[in-house]
Amino acid sequence: MLNRFISQLTDLFARGGAGLFVLALCCALFFVLGTLFARVVFAASLSKKIAAERADAVKKSRAVLGGLAGEQVSPFLPGFPCNPADARFVGKPVDFVAFPGAADGDEIKEILLIEVKSGEASLSKRERQIKACVEACRVRYVEYRIPSND
């Protein structure tokens with residue numbers, strides 16, 4: 001395309017249209033400069049967008065890692081609902097299952113399903129479903145026996 005444009009300009013100049021040649025050359029120059037300017041502006045906006053997305057990803061990653069660390073140490077923080085020795089880490093879909101009194105050899109009178117949250121975090125859809133099942137007393141104890149090969 002550029003070769004064709006140059007050949008047309010050369011033909012125009014050869015026919016004595018120096019004024020038109022200069023005008024065409026100026027138009028071509030403005031076109032090239034405009035294209036370069038647009039590319040520079042686009043590249044700058046793209047790099048800003050990428051930097052913002054990276055910063056957001058780092059922020060979310062820190063929040064997740066902080067939450068995971070918080071889950072692990074939460075039994076030892078003030079206000080945890082039972083003795084840390086009574087709690088067993090599960091991770092998903094709840095963080096802990098606790099048997100208050102088990103570590104001391106006392107009678108177990110309740111079982112706690114504990115979900116640890118930090119900051120403004122709220123329960124996920126699955127966690128809300130589990131909470132609703134517990135609150136509606138839709139909980140069972142199931143004994144499963146491994147089949148023998150007899």
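Glu127 counts as buried in this predicted model, with a relative accessibility of 10%, which is under the 20% cut-off. This residue belongs to helix 3 (residues 125-135). Its side chain has two polar partners worth a look: the side chain of Lys117, with a polar contact at 3.0 Å, and the backbone nitrogen of Ser124, reached at 2.8 Å. Leaving aside residues up to four places away in sequence, Glu127 touches Pro93, Glu115, Lys117 and Ser122.

Now to the aromatic rings.

| Ring pair | Centre distance | Plane angle | Geometry |
|---|---|---|---|
| Phe80 and Phe96 | 5.7 Å | 80 degrees | edge-to-face |
| Phe89 and Phe96 | 5.4 Å | 75 degrees | edge-to-face |

Together, ring pairs link Phe80, Phe89 and Phe96 into a cluster.

Where do Phe80 and Phe96 lie? Phe80 is in the loop between helix 2 (18-73) and strand 1 (87-89), while Phe96 is in strand 2 (residues 96-98), so their pair ties together parts that are 16 residues apart in sequence.

Phe89, by contrast, is partly exposed, with a relative accessible area of 40%.

Notes. Residues are numbered from 1 along each chain as its sequence is written. This is a predicted model: local features need pLDDT of at least 70, side-chain atom pairs count only at pLDDT 80 or more; totals for chains, interfaces and linings use all residues. Side-chain values use heavy atoms; hydrogens and water are left out. Rings of Phe, Tyr and Trp (its six-membered ring) pair if their centres lie within 6.5 Å; planes under 30 degrees apart count as stacked, over 60 as edge-to-face and the rest as tilted. Helices (H or I, at least four residues) and strands (E, at least two) are DSSP runs, numbered from the N terminus. Buried means under 20% relative accessible area, exposed over 50%, partly exposed in between (1.4 Å probe, protein chains only). A polar contact is a pair of N or O atoms within 3.5 Å; within protein, one must be able to donate a hydrogen and the other to accept it, and residues adjacent in sequence count only if both atoms are side-chain atoms. Contact means heavy atoms within 4.5 Å.
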